[in-house]
Amino acid sequence: MSKVAIVTDSSSGITQSERKELGVYAVPMPFVIDGKEYLEDVNLTQEEFYTFLENGADVSTSQPSIESIKNVWDEVLSMDEYEELVYIPLSSGLSGSCQTAYMLAIDYDGKVCVVDNHRVSVTQRQSVIEAKQMADSGMSAEEIKEVLTDTALDANILIMVNTLKYLQKGGRVTPAGAALAGLLGIKPILQIYGEKLDAYAKARSVKNAKRIMTEGIIESLKESFPEDYEAGNYNIMMAYSHDRKLAEDFRDEIQDMFPDKDILINPLPLVISCHIGPDSLALVFTRKYL
């Protein structure tokens, strides 16, 4: 059995039940809703979260508390089968939780390796799965950290936002801009690459947004990893907020373009959905390490 445990947080989209199946551990991300704290997938389900959003609740994100992180780390390291752990939190470009983890790890005498590999959602999930495979193969925590750090930018996420309402609430879009976009039926497309969340394109319809994302992901693969693209050495994945049917229909379209790929489709973690709202779609690639 591996002597290295793999720990992440729920921004990876890995649920508490799924993490048991995968043999990893996950710190739940906290949210404050109308003044009360909730923990993702502990006392806050996806459906409950979207009900809060739709009812106009005051929803904000937070980073895991020092206590919650230490509790998971201490529990894992108290187990006889583990001597060290690799912690893969939400990208430092999207949260301060990674920096908090770096500071906490100082007190663990080298037993905790914190990895900022600039991932979120299905790309972070993929890093966790590959880290577990590396641990099972006998690699040390430091060796796993080195690989994940070196391959941090081997992924790209394009997200279609269905409404600017939630970006406006977060101060990222002006009320006038949100109103105009709604009037014109504009579907903004955002990109998460590395530690940056940037505007990528504007679409006039969901159909147009799908085309832009598909072309963008293929172009990104060809430009960044031409040899891997030709060899098929990559994963195509999808994520969505709330409307799974919308995502499944898109997945069927993408599957026709990549018939040899088993396309993973997962809900977006709530830390992302909180800022973009329901009915969003994400198209993703990661280069395969293993």
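**Helix packing and cores**

User: What covers the buried residues of α6?
Analyst: The cover includes strands β1 (4–9), β6 (84–88) and β7 (112–114), along with helix α5 (121–136). Cover here rests on contact, meaning heavy atoms within 4.5 Å. Buried means under 20% relative accessible area, exposed means over 50%, and partly exposed is in between (1.4 Å probe, protein chains only).

User: What sort of model is it, and how are residues numbered?
Analyst: This is a predicted model with residues numbered from 1 along each chain as its sequence is written, and local features need pLDDT of at least 70. Side-chain atom pairs count only at pLDDT 80 or more, while totals for chains, interfaces and linings use all residues, and side-chain values use heavy atoms, with hydrogens and water left out.

User: And helix and strand names, what are they based on?
Analyst: They are DSSP runs, numbered from the N terminus: helices are H or I with at least four residues, strands are E with at least two.

User: Back to α6. Which residues are buried there?
Analyst: A141, I144, V147 and L148, in a helix that runs over residues 141–150. Seen down the axis of α6, the buried residues fall within an arc of 125°, so they line one face of the helix. The arc is taken from the directions running from the helix axis to the C-beta atoms.

User: Now α4. Which residues are buried there?
Analyst: S97, C98, T100, A101, L104 and A105 are buried. Down the axis of α4 they fall within an arc of 155°, so they line one face too. Their cover includes α3 (66–77), β6 and β7.

User: Is T100 buried or exposed?
Analyst: T100 counts as buried, because its relative accessibility is 13%. T100 sits in α4, residues 97–105. Leaving aside neighbours within four places in sequence, T100 is in contact with Q63 and I66.

User: At what angle do α3 and α4 cross?
Analyst: Roughly 55°, and their axes come within 11 Å. So α3 is oblique to α4. For reference, angles under 35 degrees are roughly parallel, over 145 roughly antiparallel, 65 to 115 roughly perpendicular, and the rest oblique. The axes are lines fitted to C-alpha atoms, for helices over the stretch in contact, and angles run from 0 to 180 degrees between N-to-C directions.

User: Left-handed or right-handed?
Analyst: The α3 and α4 crossing is right-handed. Right-handed means the near helix is turned clockwise from the far one by less than a right angle; anticlockwise is left-handed.

User: Which residues meet there?
Analyst: From α3, I66, I69, K70 and W73; from α4, T100, A101, L104 and A105.

User: What about α9 and α11, how do they pack?
Analyst: α9 (residues 206–224) and α11 (residues 244–257) pack at about 45°, with axes 12 Å apart. So α9 is oblique to α11. α9 passes α11 in a right-handed crossing. V206, K210, M213, T214 and I218 of α9 meet L246, F250, E253, I254 and M257 of α11.

User: Switching topic. Which members of the largest nonpolar core touch the most others?
Analyst: F31, F49 and I272, out of 29 residues. A nonpolar core is a set of buried Ala, Val, Leu, Ile, Met, Phe, Trp, Tyr and Cys residues joined through side-chain atoms within 4.5 Å.

User: Which element gives the most to this core?
Analyst: α12, with 5 residues.

User: Where is Y38?
Analyst: Y38 is in strand β4, residues 36–39. Y38 counts as buried because its relative accessibility is 12%. Beyond four places in sequence, Y38 is in contact with M29, P30, F31, I33, N43, L44 and F52. The C-alpha atoms of Y38 and F49 are separated by 9.7 Å.

User: What is the phi of D41?
Analyst: About 65°, positive although D41 is not a glycine. Most residues other than glycine have a negative phi. D41 lies in the loop between β4 and α2. At 36% relative accessible area, D41 is partly exposed.

User: And phi of D109?
Analyst: Near 50°, also a positive value in a residue other than glycine. D109 is in the loop between α4 and β7. D109 is exposed, at 70% relative accessible area.
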